[in-house]
Structures are given as structure tokens and as C-alpha cells.
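Hello,

My notes on it follow below.

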Amino acid sequence: MRTQVGIVGAGPAGLLLSHLLALRGIESVVAEVRSRGHCEARQRAGVLEDSSVRLLREAGLADRLDRLGLEHGGIYLQFAGQRRHLDFRDLTGGRTVTVYAQTEVVKDLIAKRLAAGGAVDFEVTGTVVDRLDTDRPVLSYTRADGSTAQIVCDVIAGCDGFHGICRPAMPDGVATIREREYPYAWLGILADVPPSTDELIYAYHSRGFALHSMRSPTLSRLYLQVDPDTSIENWPDERIWDELQQRFALPGWDLRQGPVLDKNITPMRSFVSTPMRYGRLFLAGDAAHIVPPTGAKGLNLALADVAVLAPALDGLLRGDSRLADEYSATCLERVWRATHFSWWMTTMLHRSPGADDMETELQLSQLRYVTTSRAAATSLAENYTGY
Ligand code: FAS
Ligand code: PHB
């Protein structure tokens, strides 16, 4: 088989790249190990930056987003018995974020690609990428029906996430990895209960961080800082709600509880692999970088990478490699800004195991400063609403 762009991974990065390339008349094949249903149901990110919303709208992907997305003009930071609102519209001259789950973005992308006759192979096995240092790289895998695909490409896009095979396919010595593992994880729940707040609450507490997010007027999404070595079995619903109640407690305010529909634990790390290209292999999204979810950046970074990659590949395939040659540097500028912001939000809001009073006082000072200084609040708002 032949195609112009072989894409590994049908997450937000791979699916959006396939769609943006199709808009430019460039054909692609997407290979995905999991089922369509699994990809659409995988609970992950929930917040889209202004620029991501505009990107999806301009690409004709925002019908449901415009109907169901919840536009938010700020967030709350809660600490030391107070809950303070940061007004993004005021601080950034009108920028907002939109709560629209990654599950919905993926559903919209898959529907759009399949409606356009896009080639998306789900439930493949044995994905291999080869001949990356030639102008005819090869993507091969076994399809769900047992047939084998040996696809000669002009380019391969590694959109296969942190645990994918594309980054490791780079020869030893090509990639430089910079990473931080955090001494805590997030336990996330999806609860069948209306949110108890109009906008997200990021809560700093002596027992650990908590986040109140949401998915719709009837569905809440909440997170709890937990020990990285804990398992979901240690967390029955009752214990989760009890802990959330303690961390969000505020006089005159109640946290509504309801049936837990889904729960999972996500480890937290900062991870950047450079460069994001080797020969005719281009990495995008989590395949190249991971941020702790405190800054709501992971999904937005993946979409932003692909917004740069699509025109770069278009040029490369037409014989003009300038954008492709600049791809990695262009993305890494934004990746490092988001990596720093996500680290800053995470270390400000989470309690390290064995944290001493010095750490506590530094964090509380930072929180007081961010919620009282317009300059400090503007910096958070600019980073949170996107670049
Ligand atoms: P993805 O990981 O989404 O997609 C990669 C795809 O490649 C997957 O479908 C995978 O099945 C497939 N794949 C892997 N190996 C393959 C192979 N060998 N062959 C074929 N296919 C292969 N971000 C936030 O902003 N907020 C959050 O709250 C948040 N929570 C998260 C929770 C979890 C558990 C995880 C893992 C991530 C979370 N993120 C969050 C970040 C997340 O949203 C990512 O940034 C986003 O999924 C990145 O999209 P992709 O780069 O497309 O990678
Ligand atoms: C979510 O709604 O899943 C969410 C929101 C903000 C974050 C992380 C996750 O910082």
C-alpha cells in the first residue's frame, strides 16, 4: 500500500492531523491499537484553551463543541479557608476557556474522519515504523481482521502517546529526554451529580490538592491528590467523597455527591523529548511531551503541535521543507512554556510527602500573591487561557 502520511495513534493528535491534512488534499492512514469505543470513552482532559476552540471551529469540528461546551471566564483558587476568583476576561482582555471533554473531541474527530471516508484502522497489533531516515518510511501492522498492512509513506507522524512505539523507534542517541516525576498522583472521578460550582475550583489543603471540574450541567469531574503507589482498590467511593468534602470544606458551601460512574488514577510527570523529528518521523502530542494535568495543558499542546505539523508536512510534500525543518523548534517553544506553567501550578498546589513548614509557607505566600496582585494573577491567567 502507499499513502502520503502514515499516522500512528487515533488520539486527539493523530485524528486532528488526519483531518487537517485531508483539508489540504493530503491522504493519510491512521493506525490505532485500541477500539473506537475505548478511544471515545477514555476519560482524560476537560479544558480547551481559546486557541484550541478557534482551531477546531476553523477546521469545521465545533458544531457539538459550540452547543455543549461550557465557556468559563475564570477559576477559583481555594486555600487557608478562603476561595478567591481569578477573572480571566478582566485579566487577559477577554480570553476564556471552554469545558468540553477530550472524550467529546475524540468522538467529533472520529465521526468527521469516518464520514469523509478517512482510513482509520482500529484494534491493530504489531505496529512497526521503519526506514525513517529515507524518503519512503514504512508503517506496518496487523489489522483487526488479521490481514497485514505494509504501507509505504512519504512521512510518518508519531501520535501514539507516552507509551507508543514511535519515539523509541528513533536511533539511540537521537532523543534527549528531560523529565520530572512528582511524588503524587491524581485520582479522578466522573460523578452523576450537578457541579457544586460555576467554575473550576483548585483547592490547596493540608491533606492534599483537590480539583472540582465538570463535564456538563449534570455531570461533575473531580480529582484528588493521592499517593503515587496507591491503587484504585484502596479508594471506595465513600472514602473519595469523604476526602473531597474535607478538602473543599468552606462555611456556607456544600459539595453535592452522587453516583461515581468512572474512576482512575493518573501518575504525574513532566517529560520532554527533543527533537520532535527524526528524518521522516515527526512526533506530536504526548508522544513527545507530558505535563502534569494541573495546568490543563496536555490536550491543548497536542492540538497545537498538529496545527503546526499539518502545514509543515504540506510544504514538505510540495518540496519546500522550511516549515518541516523548523517544526521541532517551533513546537518546543510553546511546549516549554506549558511545561513550566504546569510545573508551577503543580508545585504551588500540591503537598509533597513530608513537606515542612517552609514549603507550606512558601506555597501559601504564592497563593496569597497570585490572588491579590494583578500582575501575578495576569501571569496565571495568560498561561492558563493559552498562548
Ligand atoms: P493519546 O495518548 O491521547 O493518544 C495516543 C493514541 O495512540 C492512543 O489512542 C493509543 O491507544 C494509541 N497508540 C499507542 N501505542 C500505539 C501503537 N503501538 N500502535 C497504534 N496506536 C498506538 N490532560 C489535560 O489537559 N487534563 C487532564 O485532566 C488530563 N488527564 C489525563 C489522564 C490520563 C490517564 C492520561 C494518560 C492523560 C491525561 N491528560 C490530561 C493528557 C491527555 O489529555 C493528553 O495530553 C492527550 O491525550 C494527548 O493526546 P495524544 O497526543 O493524541 O495522545
Ligand atoms: C478536567 O476537567 O478534566 C480538568 C480540568 C482542569 C485541569 C485538569 C483536568 O487542570
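Let me start with one residue, S273: with a relative accessibility of 0%, S273 counts as buried, because the cut-off for buried is under 20%. Please keep in mind throughout that this is a predicted model. S273 belongs to strand β17, which covers residues 260-274. Setting aside neighbours within four places in sequence, the contacts of S273 are R167, A175, T176, I177 and A288.

P275 itself sits in the loop between β17 and β18 (277-278). For background, most peptide bonds are trans, and most residues other than glycine have a negative phi.

A80 is not a glycine, yet its phi is positive, at about 45 degrees. You will find A80 in the loop that joins β5 (74-79) and β6 (82-87), and with 62% relative accessibility A80 counts as exposed. E123, also not a glycine, has a positive phi of about 55 degrees. The loop holding E123 runs between β8 (119-121) and β9 (125-130). Is E123 buried, exposed or partly exposed? Its relative accessibility is 45%, so E123 counts as partly exposed.

Now for the whole protein. It has 12 helices and 20 strands. A compact globule of 387 residues would have a radius of gyration near 21 Å, and the protein agrees with that, at 21 Å. Along the principal axes, the C-alpha atoms fill a box of roughly 65 × 40 × 40 Å. Of the 387 residues, 56% are buried. Among contacts with a separation of 6 or more, 71% are between residues 24 or more positions apart.

What about the surface and the charges? The protein exposes about 16,000 Å², and carbon and sulfur atoms supply 49% of that area. There are 41 positive and 48 negative side chains, and the centres of these two sets lie 3 Å apart.

The interior is worth a visit too. In soluble globular proteins, nonpolar side chains tend to be buried together. Here the largest nonpolar core has 69 residues, and the members that touch the most others are L16, L17 and L48. Which helix gives the most to this core? That is α9 (residues 298-317), with 10 residues. If you centre the view on L17, you can pick out the residues it touches beyond four places in sequence: I7, A157, C159, V306, L309 and A310. There is also a second, separate core of 34 residues, which includes L77, F88, V97 and F341.

One last stop is T372, in the loop between α11 (357-370) and α12 (374-385). T372 has a relative accessible area of 57%, so it is exposed. Although T372 and L86 are 286 residues apart in sequence, their C-alpha atoms are 9.6 Å apart in space.

Happy exploring, and best wishes

Conventions. Residues are numbered from 1 along each chain as its sequence is written. Chains are lettered from A and ligands numbered from 1 in the order in which they are written. This is a predicted model: local features need pLDDT of at least 70, side-chain atom pairs count only at pLDDT 80 or more; totals for chains, interfaces and linings use all residues. Side-chain values use heavy atoms; hydrogens and water are left out. A nonpolar core is a set of buried Ala, Val, Leu, Ile, Met, Phe, Trp, Tyr and Cys residues joined through side-chain atoms within 4.5 Å. Buried means under 20% relative accessible area, exposed over 50%, partly exposed in between (1.4 Å probe, protein chains only). Helices (H or I, at least four residues) and strands (E, at least two) are DSSP runs, numbered from the N terminus. Contact means heavy atoms within 4.5 Å. The radius of gyration is taken over C-alpha atoms; the globule rule is 2.2 Å times the number of residues to the power 0.38. Accessible areas come from the Shrake-Rupley method with a 1.4 Å probe; for residues, only the protein chains shown count as cover. Lys and Arg count as positive and Asp and Glu as negative; His and the chain ends are not counted. The place of a charge is taken as NZ of Lys, CZ of Arg, CG of Asp or CD of Glu.
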